[in-house]
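Reader: I would like to learn how to read a protein model feature by feature. Please give the general idea each time, then the case at hand.

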Amino acid sequence: MLHSPTEPAPTLELLAHHRARPLHWIATASAMAAVIAGAGLLQPDPANGAPAAPSAAGNPGTRSAPREPAPDAHALTYPLDCRGLAQAVTATAEGDLDGDGRPETVAAVRCDAGSGTPPHAIYVLTRGPAAGSAPRVVATLLDPARRQNATDLTVSDGQITATLLGYSSREVPRSDPDVKQLSKWRWVGGKFRQELTDSTARSV
């Protein structure tokens, strides 16, 4: 990602070293246009400053380090108050969200009420640089206070996409959401920016 040489944009790995503070997004219909360029894809050769050539396939003694897997969404407790009930991870998606070459995990989580339709939260998980580091929540994309349910959670080319089902009023039964929105999030300038489609109350 392009960034100032004096003020580097924080990565999700950097956020993992600080106390996780949920990002509460206000749903607004907006269009986002951003150009994101990758940096550091080719590192200069220290001997002559030229980009280092990749190692030849089959070169004996040359092995790439195994890639660290994406964080396990079932290996931690989320900042979701279920009032004594268990937490249920209903969907996950994986991908490199900040362009650092390390995969993150996005998890849709809700309380395991056994019946009814408890709202979802959507969290972003990463881990520290040390091998085997425990996963951490570094961002909250969907707050359960919004009373929405998430479906079709995916990550593609650094973009998170989910369909959000909600309610036009508190009188609408939880079993019959009447608002459907397509939400997209992308890591830009050190934060997740949301693009939310326009929607109207309708049966879904």
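Reader: What should I know about the numbering and the model before starting?

Author: This is a predicted model, in which local features need pLDDT of at least 70 and side-chain atom pairs count only at pLDDT 80 or more, while totals for chains, interfaces and linings use all residues. Residues are numbered from 1 along each chain as its sequence is written, and side-chain values use heavy atoms, with hydrogens and water left out.

Reader: In what order do the strands of the open sheet stand?

Author: Strands are DSSP runs of E with at least two residues, helices are runs of H or I with at least four, and both are numbered from the N terminus. Two strands pair if DSSP finds at least two bridges between them. Here 4 strands form an open sheet in the order S5-S6-S7-S8, with antiparallel pairing. Strand S5 (149-156) and strand S8 (191-196) are at the edges with a single partner strand each, so one side of each has no neighbour in the sheet.

Reader: How many bridges join S5 and S6?

Author: S5 and strand S6 (residues 159-166) pair in the antiparallel sense over 6 bridges. Thr151 stands opposite Thr163 in S6.

Reader: Which side chains meet in a salt bridge?

Author: The term requires a side-chain nitrogen of Lys or Arg within 4 Å of a carboxyl oxygen of Asp or Glu. By this rule the count is 1 salt bridge. The partners are Arg127 and Glu68, at 3.8 Å from N to O. The pair links distant parts of the chain, 59 residues apart: Arg127 is in strand S3 (residues 121-127), and Glu68 is in the loop between helix H1 (12-15) and strand S1 (87-95).

Reader: Is Arg127 buried or exposed?

Author: Buried means under 20% relative accessible area, exposed over 50%, and partly exposed in between (1.4 Å probe, protein chains only). Arg127 is buried at 10%, whereas Glu68 is partly exposed at 24%.

Reader: Which cysteines form a disulfide?

Author: A disulfide is a covalent bond between the sulfur atoms of two cysteines. In the model, the test is a pair of cysteine sulfur atoms within 2.5 Å. The structure holds 1 disulfide, formed by Cys82 and Cys111 with sulfur atoms 2.1 Å apart.

Reader: Which residues touch the most other members of the largest nonpolar core?

Author: In soluble globular proteins, nonpolar side chains tend to be buried together. A nonpolar core is a set of buried Ala, Val, Leu, Ile, Met, Phe, Trp, Tyr and Cys residues joined through side-chain atoms within 4.5 Å. The largest core has 21 residues, of which Leu97, Val106, Ile122, Val124, Leu141, Ile160 and Phe192 touch the most other members. Strand S4 (135-142) is among the elements that give two or more residues to this core, and S4 gives the most, with 4 residues. A second, separate core of 12 residues includes Leu76, Leu80, Tyr123 and Val137.

Reader: What is the phi of Arg83?

Author: Most residues other than glycine have a negative phi. Arg83 has a positive phi of about 50° although it is not a glycine. Arg83 is in the loop between H1 and S1 and is exposed, at 78% relative accessible area. Asp152 also has a positive phi, near 55°. Asp152 is in strand S5 and counts as exposed at 56%.
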